[in-house]
Amino acid sequence: MKEKTKDLIENFILFVILLVLIQTFLEDMAVILSWSWGIRKILVFTGFGFDLFFTVEFLTRYFSAIKRGEGIKYVLKERGWIDLIASMPLLLLSSGPAVVSILEGSAFIGAAGMLNILKVVKTVRIARILRLLRLLKIFKKIKFVHSAMAQRHLTRIITTVISSLVLSLTVVSFLLTLFHSSDADLDFVKKHESLISTAVDLQDKDLLTFYGDSLFESQDSVLIVRTGEGTVYSRYNNRHYSQWYGPSDYGYVRQGNMELFYNLKPIYVGEAIHNLLIFLSILLMLGVLMLFYSPHFAMTVTDPVNIMIKGFSDSSYNLEVLIPKDLSEDDIFQLARLYNEEYLPLKARNSTSENASNLSLKLEDFDDLLKG
Amino acid sequence: MENDKAKAQQFLSRLMQNPTMKGFSALQREDQLLQFFSINGEKLKPTLSSPAFFGGWSWQDINKIMIETLYDMTNKEILPQIQSEIFDKTSYSYISFMKLPAPSESMKRQFMAVLTKLLTHPVGRKQLAGPLMAIQTGIIKKYIMHSFQRQKYVHFELAKVQRLRMSQEEVYHLIKTSLMLTPLTSLFMPGDGGQTLTPAYAEKISQQLSKLIPGLPDPVIRSGINSSISFQDDKKLEATARLTTVFAHRCADMKQGMKIDRGAASSDQSWFNIARRNYKYYGYDFDMLTELYNISAENGW
């Protein structure tokens, strides 16, 4: 009963991992395809829910492992470290701040400077790459090959390749964001700073009413311009903003009593394409490893080993290992050659000698009959 | 007595239902169960001596009824098969190609009688397992067909050296007869059988067997009996005798429907290759094995 419940929970977790991968994909697609704020908000909240779920899952596993005196074993050998970095950092650095920003309605507005705000926003988005490590959680749970050795080797290879890629991308992106602002981002922010300077000049010369609209209209990213007297320009009506824009979609610049709100979505689209590219590259890499490396490993390592194990343990099994010509010098096939050429002929002679037994029946198979 | 046999049958049926018995012929299954009883006798004793089975019986009597029942169960399966092979499925037309008088219906009855006698002989039963399996699986026909198509060593030995001027169909039936004759050596030999014969002793057995099956021509009987002679001892051994011994041994432990694991050579291919390495030990013809090995490898058998 306990085992059944455990299996049920494990299968549920597997299902949630699959859901979160779909959610990760959709979250980026929503940015690229400019889905409505309502949908994007749902995706942000579900992302937060998943991160919270995996954080609780990690903590439960970790503390129950500690209870059994196997905390280190869980973290290091049972790949608990993947559970850790694919849960808590995401909750604290990505979905947590995103949810707070939605709830507060103006999380990024009012920070020191727009470039710093962008850095924070980008950091939050970069942390999302870590979510891709959850793909590894699937491989931790699925037994995709029968041999324990093959399973361990393939999981190790997949874990090494993907975690090093994801972690290096995350760390490098973090460092780049902290110490270097991209020229495009800088230009984007400066463009709006110079735009507001021009607008203030026009205001000072009382020309804003004449030239303001054409000035703001010429810049696609400008959304709203406000002065002390009220809104002087708005690209869309309020209904449109509430339907398509969230708090973190607005860039903000102020000079004197003039405020300019501009659209940050084009910057996010670049980020989302970048994340999606990584996501798809990792999926492709996994597919290649599964489709090409996994059978290669089975054919060149586990299959010959399994045939030899059967030959050694089953008296009636006498199939030879097929040795590919181009791999005949591999250690495993050198061993297989000895098995084919020395052991099997010896076994055949032994099986026909006097007192030899080639019995396939085992007494243990008839426990019920013998007890009855 | 019938009630006792029913109990023994119930116990044996349960053992026969074990998945490891799948793919074995009736005689192979019988051999497995005899080995099982011999190895695990002490552990089976408490169950079989219980009131549910044979309470109050001596172990010797229990053993006897179990073996008798086992033989009965096997005979029920194989006797109709042997009968059908001798009377219906085997064509003796090859005899006329050997320029010998055609066999009479009584020859078939004589042949059947000797084989029935063989079934009372524990060693004979064991020796019959391979030949019967070879006939049942059709292994001979497919290899003979390919040998005739290839026209290489096996065909040369059959057609040119042994001078069998007949079609592959007749050769097939000749080897089939030869296969049914080969276990009959155990009727004339002490011990547990399986050992190779000297050419002189084989000749004596052939002569004695001729008296039991007078309707069957001597060259045919010799082809069956000489299959127990090592090719290393007699390089002039008939090709049919050499093929008979290879197929009888090949099928002795053969398990039908055996799953070929990925990365493993096929069943026949493995067996012929191993046999090539042991050819001196078993007295096989190496070149013959090589050709059969090549046929099996080419066809994935």
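**Conventions.** I am working with a predicted model, where local features need pLDDT of at least 70, side-chain atom pairs count only at pLDDT 80 or more, and totals for chains, interfaces and linings use all residues. Residues are numbered from 1 along each chain as its sequence is written, chains are lettered from A and ligands numbered from 1 in the order in which they are written, and side-chain values use heavy atoms, with hydrogens and water left out.

**Entry 1: α12 and α13 of chain A.** I took helices and strands as DSSP runs numbered from the N terminus (helices H or I, at least four residues; strands E, at least two). Axes are lines fitted to C-alpha atoms, for helices over the stretch in contact, and angles between N-to-C directions run from 0 to 180 degrees. Helix α12(A) covers residues 265-313 and helix α13(A) residues 331-352; they pack at about 20 degrees, with axes 11 Å apart. α12(A) and α13(A) are therefore roughly parallel. The cut-offs are under 35 degrees for roughly parallel, over 145 for roughly antiparallel, 65 to 115 for roughly perpendicular, and oblique for the rest. I noted a left-handed crossing for α12(A) and α13(A). Left-handed means the near helix is turned anticlockwise from the far one by less than a right angle; clockwise is right-handed.

I listed the contact residues next (contact is heavy atoms within 4.5 Å). On α12(A) they include M299(A), P304(A), M308(A) and F312(A); on α13(A) they include F333(A), Y339(A), Y343(A) and K347(A). By class this contact has 13 nonpolar, 2 polar and 1 charged residues. Ala, Val, Leu, Ile, Met, Phe, Trp, Tyr, Cys and Pro count as nonpolar, Asp, Glu, Lys and Arg as charged, and the others, Gly among them, as polar.

**Entry 2: α13 and α15 of chain B.** α13(B) spans residues 267-277 and α15(B) residues 286-299; their angle is about 160 degrees and their axes are 9 Å apart. That makes the two helices roughly antiparallel. Their crossing is left-handed. The contact includes W271(B) and F272(B) of α13(B), and F286(B) and Y293(B) of α15(B). I counted 8 nonpolar, 4 polar and 2 charged residues there.

How many residues of α13(B) are buried? 10 of the 11 are, so α13(B) is largely enclosed by the rest of the structure. Buried means under 20% relative accessible area, exposed over 50%, partly exposed in between (1.4 Å probe, protein chains only). The buried residues pack against α13 of chain A, together with α7, α12, α14 and α15 of chain B.

Entry 3: Strands pair if DSSP finds at least two bridges between them. β1(A), residues 222-227, and β2(A), residues 230-234, pair antiparallel over 4 bridges. V225(A) has Y233(A) as its bridge partner. β3(A), residues 250-255, and β4(A), residues 258-263, run antiparallel, joined by 6 bridges. Y250(A) stands opposite N263(A). This hairpin also has 2 residues between its strands, and G256(A) in the turn has a positive phi of about 60 degrees.

Entry 4: H192(A) sits in α9(A), residues 183-204. Its relative accessibility is 1%, so H192(A) counts as buried. Beyond four places in sequence, H192(A) touches S221(A), V222(A), V253(A), L260(A) and Y262(A). A129(B) lies in α6(B), residues 122-137. A129(B) is buried at 7%.
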